[in-house]
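Subject: Structure for you to look over

Dear colleague,

I am passing on the structure we spoke of, and below it you will find an account of what came out of the analysis. Please read the notes with the coordinates open beside you.

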Amino acid sequence: MSLLVWLQESSFAAFVRDNPVCYWNILFVHALGLSIVVGASAVVAIRVLFGFPFNIPLASLERLFPVMWFGFVINAISGSFLFVAEAADKAVNPYFLVKMVFIALAVPNMWLLKRKVFRDPGLSLEGIPRGGKLLSGVLLVLWLGTTVSGRLIAYYM
Amino acid sequence: MNLNLAHLHLLLNHFPTVGFGVGLGLFIVALAAKSDTLKQVGLGIFFLIALLTMVVYLSGNAADLAIGKLPGVSESLIAVHEDAALLAYVFMELTGFAAFLGLWQLRRTARNTSWNLPAVSILSIVTFALMARAATLGGEIRHSEIRSAVDTATVEKHTITVEEQQIVTSEDVDAAPSEDDNTTIEEQPVGAVEELPTAEPGQKDDGSTVASIAAFVNDNLWVWPACETLHFIGMCILMGVVLLVNVRMLGMMKNVSFAAIHRLLPLGMLGFAINLITGVLFFIGAPARYINNVGFQWKMVLLLLAGMNTLYFTSFKEVWSVGPEDDAPLKAKVISVCTMLLWIGVMYFGRMLPFFGKGGG
């Protein structure tokens, strides 16, 4: 806990927290990263789950994975800044802790989806490999949970 | 700033009525002539006017702030107009979404599925009637010459009927001296307008629908956070589709035809619909907080531009015909990148609302 307090009281944290231009721009970047990682994941997951209405060859959607990771890295960095700014407060915010659990589950899920579904040699036949739908559905739920709990952090008193 | 936005309301309020009427006429001719091109133009007009109506609705609140407290202006007339405008606005947006689906289907199959054109026809006629009613009621706020003494009393009780209004209007409007809306407002001292107290959430309690929606949003602790969360989810869905279009246009998914990507456009529109509904709830909950916020004003400008670009990817043949392994035309690449930047700008000003003004997300 003392580490968190030290972080929160550092001059860097004070700068992020007390400079409105800095703080709100980081929040914007965090929202942008969110829309990239969750938006791209949603398109892939919906295609795998519901398949036929969208007609996009599954294999070509693999190109969206770098886009997702790009969004994720943006948010890991901007999120770290936001955490440091209020480290001790965030650490006791239940929504924040729940959000971390969702992310900790979503990241390996994203990796598995790419490995199990998009690296499947049978992908060219356009069938969904076993477990693909499950992974996609779970990924959607995890990102939904991340978004909801992340948004609610601001409303914890 | 109030004054400028009030002017904007007076300028733009003719589009959802007169402009939409022109679109409706064109659409009926298109149906009669069975011309697909004319149908597309008609549907495109409906879509664009539905976009523009967002600004007309929002700027109406600026007009309310500018003149609502002035002597001789009836708050209840404004409340009645506001309710009528909200109802007409809802139907206008429904027409806009249906028109978008019509354009999307026309592009995909060269003819609409059986339900769309009848749906657009019915929605647009209802919208036109509701808009005409809202406009009539709005005109009476500053045009006492088209109002009757009987009506004023009726309005106070909120039991006004459209029929009464139409009779009064048709009898009296010709005889009335023509009065320019703009000059009427300019005659008011600027200082008085600037110093008006901004309405606080839940302050108005005039029994109107708008006031009860505002009370619902503000008095239940869960509504605002729930809408914020949905607003972010809608944003992610919309952004996912915008990204996908960009990825294809810029050549990263070259083996996919644009026709395949085109299938996902309604999903993006669903994200937008979620955000339109939650956004309108925020706005009704705290109009004064948004309308004078520079960030919000920019957000709406960028939103209009981004929305217009939707028509390009929904309808234009040059994008539609980008097949597998085809390089997208330069114009499509430029418009695609611009559209994404516009949406990012919408997000920027949305997220920065609390920075530009007090309160917000």
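Is Glu325(B) buried or exposed? Glu325(B) counts as exposed, with a relative accessible area of 54%, where buried means under 20% relative accessible area, exposed over 50% and partly exposed in between, computed with a 1.4 Å probe on the protein chains only.

Before going further, please keep in mind that this is a predicted model, in which local features need pLDDT of at least 70 and side-chain atom pairs count only at pLDDT 80 or more, while totals for chains, interfaces and linings use all residues. Residues are numbered from 1 along each chain as its sequence is written, chains are lettered from A and ligands numbered from 1 in the order in which they are written, and side-chain values use heavy atoms, with hydrogens and water left out.

Backbone: Glu325(B) has a positive phi of about 70 degrees although it is not a glycine, and this residue sits in the loop between α16 and α17 of chain B. Lys34(B), also a residue other than glycine, has a positive phi near 55 degrees; Lys34(B) is placed in the loop between α2 (15-33) and α3 (36-67) of chain B, and at 69% relative accessibility it counts as exposed.

Chain A: this chain has seven helices and zero strands, the elements being DSSP runs numbered from the N terminus (helices are H or I, at least four residues; strands are E, at least two). Its C-alpha trace spans about 55 × 25 × 25 Å along the principal axes, and 49% of its 157 residues count as buried. Of the contacts in chain A with a separation of 6 or more, 79% are between residues 24 or more positions apart, a contact being heavy atoms within 4.5 Å. The accessible surface of chain A comes to about 7,700 Å², and 72% of that belongs to carbon and sulfur atoms, the areas coming from the Shrake-Rupley method with a 1.4 Å probe.

Salt bridges: over all chains, the structure holds seven of them, each being a side-chain nitrogen of Lys or Arg within 4 Å of a carboxyl oxygen of Asp or Glu. One is formed by Lys114(A) with Glu62(A), whose closest N and O atoms are 3.5 Å apart. This pair links distant parts of the chain, 52 residues apart, with Lys114(A) in helix α6 (residues 94-118) and Glu62(A) in the loop between α3 (20-50) and α4 (64-85) of chain A.

Another is formed by Arg151(A) and Glu228(B), with 3.3 Å between the closest N and O atoms. Since Arg151(A) lies in helix α7 (residues 132-152) of chain A and Glu228(B) in helix α11 (residues 223-249) of chain B, the pair joins two chains. Arg151(A) is buried at 6% relative accessibility, and Glu228(B) is buried with a relative accessible area of 5%.

In chain B, Glu318(B) forms a salt bridge with Lys331(B), the closest N and O atoms being 3.4 Å apart. Glu318(B) belongs to helix α16 (residues 317-320) and Lys331(B) to helix α17 (residues 330-351), so the pair ties together parts that are 13 residues apart in sequence. Glu318(B) is partly exposed at 31% relative accessibility, and Lys331(B) is partly exposed with a relative accessible area of 44%.
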